[in-house]
Structures are given as structure tokens and as C-alpha cells.
Amino acid sequence: MSKDKLVIFDTTLRDGEQSPGASMTKDEKIRIAKMLEKMRVDVIEAGFAIASPGDFEAVKAVAETVKDSTVCSLARAMGPDILRAGEALKNANAGRIHTFIATSPIHMKYKLQMEPEEVLAQAIDAVKRARQFTDDVEFSLEDGSRTEFEFASRIIEAVIDAGASTINIPDTVGYGEPAEYGLMFKRLIENVPNSDKAIFSTHCHNDLGLAVANSLSAVMNGVRQVECTINGLGERAGNASLEELVMAVQTRHDVMPVHTDIDPVHIVPTSRLVSSITGFPVQPNKAIVGANAFAHESGIHQDGVLKHRETYEIMKAEDVGWNTNKLVLGKHSGRAAVKARYEELGIQFEEHGEFNQIFQAFKQLADKKHEIFDEDLQALVGEAQEVEETYGFEAMEISCKTGQAPHAKLAIRVGEQVIETDSEGSGPVDAVFKAIEKQFQSGADLLLYSVNAITQGTEAVGDVTVRLERNGQLVNGVGADTDVVAASAKAYLQALNMLESGVRSHPQHGV
Ligand code: KIV
Ligand code: ZN
């Protein structure tokens, strides 16, 4: 049976970034975009160009860097949004404008306070404007799964006539149910007279844990583009996960009417990169990319796998990029080897100084840890992101004794000076955070603290994320060290640096 191509549209850099605290800098977006390109993602939604100057620059930079994937910017169905998206995509090899307006009764009445006829007119106008910048225009009916069938049919026919070549019907609030959502596409494709002139697309949120199931049901009913994110990142409960969709299509090719062009071997490294940049750890039992996804615990399973792998395994771990983290580097590795390995991981350093800093951190790590894995290298980059340093970790002394309150003494660089501070706490990490706050009184609230052992064994590097909030500004600081208490101190100080320098405030808070 010949199969249609399923277009993979990744929105990690846009919808994924809408997860609270997951905002990414321009350089981080470029790093992820390069990995997505290497994975052969068809369309990369790089951001929402009008949302902030930072987001505009990020979309522009991704558009100028990526050559083999289409680069897309989101734009509301409004002239200024479309203009900004068009400007950001000016130098793209292939650029797409993705414009949207809400079409469900509840959104039109309460959010937009517009009549359906006004929404229709605005949608047509937006698509026509977008076509002045590119032939590749996608139109989304926001809250599409709760939109009335007749109105959806009318608006889709009109925007295809106006020049949209992709029609996306998102399940914006994650309310869809697979059979119903799939049937909606079937009926629309059959009923809209010019439906053959466009590709229909899904964009599913995971509020009921059905995002992937809904997307696949839509594919079974004629959809040929799925919008998804690495690790299922995204607004609220997230979006359909790229790795699950791609591997479902590949593993169940016997029943799927489609194929993808994705090279799955890059899935795990990309998942790790996204996790280390956003500070969102991947749950161990997450399909495909979770640490336990291919680990067999029960004796019966282990026995079966040893006798014949397919008894319990439906995919090969190495096909999605597990076990490719070859041990290549250690204490004696030189600059060229380290740089080359970074390049294989899709990480390039624009400036000499930037690499020097990473190489120094690599050497320090190699002194403490004999085996350096890809994840360690990625964690070092996460830690060294370009945040202006107000506070720098210098040294610490921790004392913990049964029956006594843990005590932390820290030396912190502030400009040319080194300041000492100390505190007790309910645990060593608490003592470290209290010592920092005693000195600097940042006024920030600690919203999240997470530790991820990124490689195996007790000498593993601990990757710590600290999420702070101050006056509505949310930041994620990351710190990596073989000592989790030191990693925690570094992560806390990095988060404070971000608050001080104003980076990483959420790019879409302004719109
Ligand atoms: O969830 C949604 O409806 C969206 C649209 C902007 C496509 O993210
Ligand atoms: Zn969305």
C-alpha cells in the first residue's frame, strides 16, 4: 500500500515555550532548531514574532540558520502581527506564516466579543495579507474542536479561497475525544468543496491525556499534518508529543496510512537538549524518551527479552537514540575532541570565548568524574547560557550531622568582591537557599526545585532546576555539578542573575 507523507510540524519553540517557566533565549532556540532540522522535521514553528522583540529576533535567527526545514511564525489574524511575522521570516529558505483566530461560539462571544461574520472577514483578510509575504500560509481555527460544523465549513472554504494551503483545527482546550475528533475531520474534508486544495492539520492539547490518540485518529480520517512538541511540552498539560506520534506511525506502519521523513535516532538527544534547556525533567516512565522506557524490571520480562527481544520490546532503544551516548570523552580529551562531540550533538559555539568557558567547565568536571557522557556535555551548555553574571558561585562548606540543623556557608562573587554568607536550614539545600536570601533578599518566590541525575551511578552529574518568580517574572536557573548541593547553589544564583538581567521573562506575556 502506498502511503501519504505526514507532515511533522514541531511547535516546541512556540507552544512548548508557553509552558510556565519554559521560555528560551535566542541561542537556545537556535540550538534546538538545529537538532529538529537534523531530525528532518518538516516545519519548525520558531515563535510568535510580534510577542516581544526577543521573540522576533529568535524567529529571525532560526529562519536565517535553518535551511532544510520550513520555518514558521505564529501571528494573530491582525495586520501588525502578520507584518512582524513576514519581517522575521524575510531571510528564510522556506517560510510559513501561521495565522489564527478563535471560531467557537464561546471564544467569539466572550473572548473576542465579535460576531461570526466579523471573524470570517478578519480571517480572510489575514490570509490575504499573509500571502503577500509567502505562498505558504497556514490558518488555524482556534478552539476548532468546539466550533460549530457549519461555521467551520464556511470559514475553511473561504480561507482556502483566500490562499491558505494548510488548515489546522486545534483541540485548543484538550476536550476532544478520538472518535469524535477524527470524524469531525472526515466530515469537513468531505463537505468543504475546495478541501482538496489544502492539507488538514491537528494541534492537540493533552488536558485529558488524549493528545496523541486524538492526533492519530485525525490522521486515520484524512489529516496529513500533525503539530507536536518534543517531550509533549506546551501550554498547560502540553501538546501531542512528537516522539510518540512519530514512533507510533513507524512502529504501527501495518495500520497507518502515512509515513514520516523523521530520522528517529535524534529523538533522545533532542529530548535531553529540550529538557536541559527548559529545566523540565522527563518523567522516567514517559514513552520513548523516559529513562525507564526500555528498562525491563520483572524477571519474566528480562528472561523473555534475553531469549528473544521482540517478546517484550516493540521498538529498538538504539533506533530512537538510546545507547548512542558513547563514552568518548574524559580527562585527557583535548579541545578538538570536545568541540567535535558538541558539533555532533548539534551545538556550535559562535565565539571562541564561549567555547573556552565550556572547555574549562569540562576539564573541571572531568577531574571529578571519569566518564563524560553526552548528557553531561549538554548540561554544561545549559549552565553556561549567556546571562549577565551579577552573582557567581565561588565555594561552599556544608555541615550535616544527625541531630543537628544542617549549616551552609557560601562564598559568592559579586563583581570584584567575594561575599560570605551562611545559614541553617531544614536540609543542606534549604540552608544554601536561605544563606543566599539572607545576603541578597531578592524578594523572589521559589516555585520549583528539581534534581535530575542525568547519567548513571553515584558519580552522576546532578542537573538542578530552580524556578523563581518575582513581580510576575518567571525564570528557570539551572546548575550542574556532581555535588547536588553545589548544583543547587549554582542554579539558584543563575535564576537570580536572570531576574537581575531581565532575560527569560515570558515572551508572550505582552500579547
Ligand atoms: O492551541 C491552540 O489553539 C494554538 C493555536 C494558536 C494554534 O496553539
Ligand atoms: Zn496550542
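The following legends describe close-up views of a predicted model.

Local features are reported only at pLDDT of at least 70 and side-chain atom pairs only at pLDDT 80 or more, whereas totals for chains, interfaces and linings use all residues. Residues are numbered from 1 along each chain as its sequence is written, chains are lettered from A and ligands numbered from 1 in the order in which they are written, and side-chain values use heavy atoms, with hydrogens and water left out.

**View 1. The zinc ion (ligand 2) and its donors.** Asp 15 (OD), His 203 (NE2) and His 205 (NE2) coordinate the zinc ion at 2.0 to 2.2 Å; donors are N, O and S atoms within 2.8 Å of the metal (3.2 Å for Na, K and Ca), and because water is not among the atoms, sites may look incomplete. Along the chain, the donors follow the spacing D-x187-H-x1-H. Asp 15 belongs to the loop between strand 2 (7-10) and helix 1 (26-38) and His 203 to strand 8 (residues 199-204), so the pair ties together parts that are 188 residues apart in sequence; helices (H or I, at least four residues) and strands (E, at least two) are DSSP runs, numbered from the N terminus. Asp 15 counts as buried at 2% relative accessibility, and His 203 counts as buried at 4%, where buried means under 20% relative accessible area, exposed over 50% and partly exposed in between (1.4 Å probe, protein chains only).

**View 2. The shell around ligand 1.** The residues around this ligand are Arg 14, Asp 15, His 98, Phe 100, Ser 140, Glu 142, Asn 168, Pro 170, Thr 172, His 203 and His 205, each having a heavy atom within 4 Å of the ligand. They divide into two nonpolar, six polar and three charged residues, with Ala, Val, Leu, Ile, Met, Phe, Trp, Tyr, Cys and Pro taken as nonpolar, Asp, Glu, Lys and Arg as charged, and the others, Gly among them, as polar. Oxygen atoms of ligand 1 lie 2.7 Å from a polar side-chain atom of Thr 172, 3.1 Å from an N or O atom in the side chain of His 203 and 3.0 Å from a polar side-chain atom of His 205. Taken alone, ligand 1 exposes 260 Å², of which the protein buries 94%, with areas from the Shrake-Rupley method and a 1.4 Å probe. Strand 5 (95-102), strand 6 (137-142) and strand 7 (166-171) are the elements that give two or more residues to the shell.

**View 3. Asn 168 in strand 7.** Asn 168 is found in strand 7 and is buried, with a relative accessible area of 0%. Its side chain makes a polar contact of 2.8 Å with the side chain of Ser 140, and another, of 3.4 Å, joins the side chains of Asn 168 and Glu 227; a polar contact is a pair of N or O atoms within 3.5 Å, and within protein one must be able to donate a hydrogen and the other to accept it, while residues adjacent in sequence count only if both atoms are side-chain atoms.

View 4. Helix 16 (residues 484-501) has 18 residues and reaches 25 Å from its first C-alpha to its last, close to the 26 Å expected, a span calculated as 1.5 Å times one less than the number of residues. Of these 18 residues, 14 are buried, so the helix is largely enclosed by the rest of the structure. Asp 483 caps the N-terminal end, placing a side-chain oxygen 2.8 Å from the backbone nitrogen of Val 485.
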